[in-house]
Amino acid sequence: MKLLKITLSAFFLFCFGFANAQDDLMNELDATKSDKKEISSAAFKGLQVVNMQSTKLPMKGEFYFLVSHRFGDLTNGMNNFFGLDAAYTKLGGIYGVTNWLSLGLSRQTYQKTYELAVKYKLANQIDGGFPVTIVGYNTMDIRSDLKTTLYPDLRASDRFAYSSQLIVSRKVNSSLSFQVNPMFIHKNLYDELADQKNTFLLGTGARCKISKRLSINLDYAARLNLPEAYDYSVHNPISLGLDIETGGHVFQLVFSNSQTMNDVAYYTTASGIKGGRGIFFGFNMYRVF
């Protein structure tokens, strides 16, 4: 009996000591965890807000196959079969070289344009720390539709146009994110009567999550250095989209006042919405491999 009491006492003392040690360990782990700053999850689920680039990048080794389509002016009705008769298509791929760097190549039917793109992360939004995510984005467009028969003095460099963006986003909470994009567009070949060599813009974008797999997105860019003769309401691109997350890919439905999809053209050729006309419907589809 005495041996049993001693054994039980030792057992309870051991359990009590172990419990205290476990509590001390958990408290220490909690303290360590609370001191560690976590990177905030992506502010946007898609690589684009709608037409505008977001601060999301592919992970290292991921390959995104892109299919984008923009129909003609939806408001023309049966005259162009609600845009089907005048559609543009863009096909491309984006590869995650590292978690902070991606490279892209695409081709679209508008001006038979090839677009090279590089996207790189400069800073992450940190929960309880750095307030925003910062990403750089640059493109080079190559127009392959230009012919020396129409432009006898055509040089190889005349085919090139460039865009540069600094994208700054903040995820406010699980349902709301926004961003701002200062941009610069440069064209080697441009129409002096209706175009500019250099264009500066300030873009904004936002995402509002409405369900587990759906969000409403909006992006808008204001051109900052247009001559007085330009009508700002005509040339400022604006797009409204619906993101649909379906496992292996993100599908985006798009309504925009610009039919073009490469950055240089999108930010400089938007036709505007007047009297309910000039609305282009389409989609972006990214498939992840």
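A: Let us begin with contact, which means heavy atoms within 4.5 Å. Not counting residues up to four places away in sequence, Ala-221 touches Met-52, Met-183, Leu-201, Leu-202, Gly-203, Asn-236, Pro-237 and Tyr-267.

Q: What should I know about the model and its numbering?
A: This is a predicted model, in which local features need pLDDT of at least 70 and side-chain atom pairs count only at pLDDT 80 or more, while totals for chains, interfaces and linings use all residues. Residues are numbered from 1 along each chain as its sequence is written, and side-chain values use heavy atoms, with hydrogens and water left out.

Q: How many helices and strands are there in the protein?
A: Helices (H or I, at least four residues) and strands (E, at least two) are DSSP runs, numbered from the N terminus. The protein has 3 helices and 12 strands.

Q: How are the strands arranged, and in what order?
A: Two strands pair if DSSP finds at least two bridges between them. Here 12 strands close into a barrel in the order 1-2-3-4-5-6-7-8-9-10-11-12, with antiparallel pairing. As one example, strand 6 (residues 160-171) and strand 7 (residues 176-187) run antiparallel and are joined by 9 bridges, and Tyr-162 stands opposite His-186 in strand 7.

Q: Which residues make up the largest nonpolar core?
A: In soluble globular proteins, nonpolar side chains tend to be buried together. A nonpolar core is a set of buried Ala, Val, Leu, Ile, Met, Phe, Trp, Tyr and Cys residues joined through side-chain atoms within 4.5 Å, where buried means under 20% relative accessible area, with a 1.4 Å probe and protein chains only. The largest one has 9 residues in all, namely Met-52, Ala-161, Met-183, Ile-185, Leu-201, Ala-221, Val-264, Tyr-266 and Tyr-267. Strand 7 and helix 3 are the elements that give two or more residues to this core, and helix 3 provides the largest share, 3 residues.

Q: Why does Ser-258 count as buried?
A: Ser-258 counts as buried because its relative accessibility is 2%. Ser-258 lies in the loop between strand 11 (249-256) and helix 3 (263-268), and, leaving aside neighbours within four places in sequence, is in contact with Tyr-266, Thr-269, Ala-270 and Phe-280.

Q: How much of the whole protein counts as buried?
A: Of its 289 residues, 39% count as buried.

Conventions:
Buried means under 20% relative accessible area, exposed over 50%, partly exposed in between (1.4 Å probe, protein chains only).
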